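Student: I have a new structure to read. Where do we start?

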Amino acid sequence: MHVQGSATYIDDMPVPKGTLHVAFALSNVARGKINKIDITDALKADGVHSILLAKDIENLYIGAIKHDEPILADKEVLFFGQAIAAVLADSHENARTAALLITSNVTELEAVVTIDQAMAKKSFLDEPLVVSIGDSNKAIDSSKNKLNGRLSIGGQEHYYLEGQVALAIPTEDNEMVVHSSTQNPTEVQHLVAHVLDVPQNAIEVITRRMGGGFGGKETDSSQLACVCAIFAKQIKLPIKARLSRKDDMLLTGKRHDFKADYKVGYSDDGKILGIEIDLAARCGYSLDLSKAIVSRALFHADNTYFLPNATFRGFLCKTNTASNTAFRGFGGPQGMLAIENIIEEIAMNIGVDALEIRKLNYYQKDTNNVTPYDQVVEDNIINELSSELIEDSNYLVRRESIEKFNKTSKYLKKGLAFSPVKFGISFTTQLLNQAGALVNVYKDGSIYINHGGTEMGQGLFIKVAQVVANEFGVNLERVKVSATSTAKVPNTSPTAASSGSDLNGMAAREACLRIKRNLTTFAKDFYGEGNSDIEFKDSFVIIGKKKIAFDEFVSTAYLNRVELFSNGFYKTPKIFFDAVKQKGHPFYYYSYGACVSEVIVDCLTGEYKLLAVDILHDVGASLNPAIDMGQIVGGYIQGMGWLCSEELKWNDSGALLTMGASTYKIPAIGDTPEHFEVKIKPNISNHENTIHKSKAVGEPPLMLAISAWLAIKNAIYNADNEMQTGLNAPATFEQVFFNLNKSLK
Amino acid sequence: MYFLLNQNSTPTDLGAINPNTTVLEWLRDNQLVGTKEGCASGDCGACTAVIGEIVTNNKSSNIEYKSINTCMALAYGLVGKHLVTVEGLAEEGKLHPSQKAMVLENGSQCGFCTPGFVMSLFALYQNKNSVDLHQINEALSGNLCRCTGYKPIIAAAFSMFNEKSDEPLDYYKKNQKNITKILGELNNPKHISLSYKKSNKTIKYDAPSTINELSNVLINSTSANIIAAGTDLSLEITQAMKEFSHIVSVNQVIELKEIKDNAKELEIGAAVSYEDAASSLISNWPDLGPFLQRFASLPIKNWATIGGNIANASPIGDMPPVLIALDAKLKLRKGPVSRTINLEDFFITYKKTVIQQGEFIESIIIPKPNENQRLITHKMSKRYEDDISAVCMAINITSTNNKPESFKIAFGGMSGIPQRSNRLENFLVKNWQEDNIAALSYKVLKEEFSPFTDVRATSEYRLQVSANLIKKTILMYQDQPVENLAEYSQSS
């Protein structure tokens, strides 16, 4: 369907007759008091129906955790690009044209734009979070070798190819169907019900597919859906809204940028004795998911390393910028980059290959296996996985040949880096680790599934369909996964935290098992095979000596009044967490991976090229190797974009300057390394009882790309051994240039 | 206003549409929603479709298929052409080799960019029988994917050529004769002039077919906006929501589409696309090969014109610095009168040129290089593919006895206009052999330019990298081993 253009996204759906369209007028200051919003000209523009302002909305505030986000700016503007009015018109174009005619009189106030400004003014959304073990202060003090520094870590625009879009269709009796491109239909449902002041059962949210999400549609889809719903309720017509790329980039949150201030004490051979990292995140004007994101950053600042004395502090900086939100990795990548940078710095100071420092500090199996948040790492495979990759990628030989190359090449220098990944799987908010599914078997033997997960390209629907097909021993073709609907499975969690197939796969399996129990009871009785086993295999049902085609069997069961549908429910076992102490067992298990990246840098221009990438990644017993491979490769390149070319820039007064594809550069085809070897770790299974012993794969591979950034850092170091590079992320060509050309003037 | 759509056997009427309508809008309004809007600014390629046009070479007529960004092309530009969209590839339910390969290689995840990729692959399939990585990268340089990391798509681009058969596997190759016939009948070169009534406004559209018609239209209109490809101008429509009241397309003007190549000079009509000009440019100035590769994405090069790049007068257009360094002249025309000026005198200040009301660019005239000349060009941007320059630099070096005798240097991105640097030219004549040439050049550049800091680069980077590029240029001139990483390959 995809390749024929026949897969339908919300903007492709034929809209009901009379559908009107919404566009936002956006603020052009970062912070200020609204004196007046002038809509006179806009109201006169072609095709305009009406214009909505904050004062017209009764339940104005929405939000994921805290209702602190006005659907439209109310009395004050809190970030550049905030929606101040919503125009309704007969076409998307007319709505946008009119929105540009809206002017506002705003008394500008001093904005808090940067992390440093927020830290100085103590502008926070919540108390700092602290994860701590041992006595880091004492351990650093008594270390012979010490290092401290600061790393600036950039944010990232999601750049899902399909922008935010929603279509609200009023039905009867204040009920409404909302099509939303969202990872979180339940939250959209609940927020729409909230703003319309109707019970949740009056709203059905449907999500067939998204043209990419990556976390950007976990909470940021609600505003658009709510505005459509408000209009739809008012005028009883279908209402649609889609954001232009620019409006989408201005209005919605991004990956949090961080500043990491660190102190570390280490032994002569590079063993980390004590470490402190302050991770300050730019959260934007509202809370959104920032607390959980910063928390996850702290949980990943250890990565694969045993740190007996560690203090990680997380600061939730409140700034006058769009509210930063979930993005693949959810804070984990930032925490991990901080520690990987420190390891590299230690190696540079000692003058050894950073790989040695990594191996020296790794978590071990039976000792040195407690994380700073007290969870014991029970499933550690990083040591053997690393050895395997180092061998497969020919790392040591390549290190030597790079040294040789660099000796003879004056202007082009190569860099090589290895980096490991350990990523915790589960929502750190315990209650979200639950899922439901509904499985229907029809009389003709075809099967229909609905579950709480959403499809955004990650292949979840296929994986869940596989699980179901496997349970019933039938072909995948027999199984259909329907659009996600809040009317079929209620109170679902967002499709996030890489948990989609873990949770929904298990719930769907549970539903299958319940149906199979009904069928088994029936079959034993009906076919008179007593206590013999029943097997569902190759589209047949085998009962003792009898072998019956699945569809015939199901049809017979129906005639004998057997219930052929069931729900299923799953909640992740073993996890608990004390949010006050920041201690516990937040993750069901860990996913592991490692990567070797090689780059070449042009010292005259700061340009570089990624030459070779070797990856070995752990997905447990893969549910679908092709899909998992796609996630690994795609995750790497997306992570590489974050750390290399994707640069978000604001001006001093808080205006986002990179608000289009012409100024914000995600990787293009030529950025794909010519040598790109990706391997799923073979013959391995999850030691926890997950769906078919598989592991989550959505987020972890993104962090493999840290090796690309480290390789650039290594190349700069190779160009000039004397230099502490001070490389930040993203390592744009310009930044690399200034790291290499400090003395040109 | 007719064009041929997909596998239809009869032409399609565009209907009475606002001349400001883009091809993408037209398609989506007409239920052909496979073609997607990702950015509406020609940067992501989700809207890619393929245009077929009859090209006559040495008396034989062929259809040339090229990928374009439908979000930037105006719908009226389709008249007389063949448009192929993602809906038109499969034949009787059988997938096109490009589609089949994408499925087999798992080249699609969320699927939103997929139709655009498939169309770029389709165009590649029409134009080649086999490919290398370089050609794949160029063909897909205008398509962004956020999910797959491109690896499976590259694999698909290779493997779509694997299936061999005696008979073409593709509808368009199979039916080439018939399509050529239909297009031949459709392609009726005459002046199109129409107006569209919208509430109390009238919007006019002209597509003259000769230079005289064009000059007449322009001399008689005060509100005309000349549009060639519109890769910049259409952003006003799709981003700033502007509506032009009189659009004059120069794409049908025969004289503006011509390339004249003689011993003394190369004359390129203002409406010649980059892709069409590329071979003449590269054969005369080989250094322009890699430069044009980095210049823009293929769909942009297929559509955008050199005349447009100049008339637009953007300080970050990449061709003006090159042409200034090559001593190019512009032939301008107003009414019946032509005049010729040096390109470097064309630009006055930011986005202002000497062009007068009713005047237009007819052609660009570039003197042929002699064997003592070498052109070296550089482009600095955040990304190798499809990005706008932070700095663009072109240096034309004339040598005697293998030593530089004179330099002609022009920059983009360093000031409000594409600008020549006389000071640096004079300085280099005397000092090109100095060891610390970069540091010395930096001083000269700093005296001559105060570049802006913007989203693409800081002022300081623009100055310093330019100074280093001077050094790199000298090293290249001396055949020292310095390479441009954009083309670097470990395996070669």
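Tutor: Of the 492 residues of chain B, 54% count as buried. A residue is buried if 20 or more other C-beta atoms lie within 10 Å of its own, exposed if 12 or fewer, and partly exposed in between, with C-beta atoms placed from the backbone. This is a predicted model: local features need pLDDT of at least 70, side-chain atom pairs count only at pLDDT 80 or more, and totals for chains, interfaces and linings use all residues. Residues are numbered from 1 along each chain as its sequence is written, with chains lettered from A and ligands numbered from 1 in the order in which they are written.

Student: How many helices and strands does chain B have?

Tutor: Helices (H or I, at least four residues) and strands (E, at least two) are DSSP runs, numbered from the N terminus. Chain B has 17 helices and 20 strands. Its radius of gyration, taken over C-alpha atoms, is 23 Å, close to the 23 Å from the globule rule (2.2 Å times the number of residues to the power 0.38) for 492 residues, so chain B is as compact as a globular protein of that length. The C-alpha trace of chain B spans about 70 × 60 × 45 Å along its principal axes.

Student: Which strands pair with β14 of chain A?

Tutor: Two strands pair if DSSP finds at least two bridges between them. Strand β1 (residues 20–26) of chain A pairs with β14(A) in the parallel sense, over 3 bridges. There, A:Val22 stands opposite A:Ala241. Strand β11 (residues 165–170) of chain A runs antiparallel to β14(A), joined by 4 bridges. A:Leu167 stands opposite A:Lys240.

Student: Are the faces of β14(A) covered or open?

Tutor: Both are covered. A:Ile239 and A:Ala241 are buried on one side, A:Lys240 and A:Arg242 on the other.
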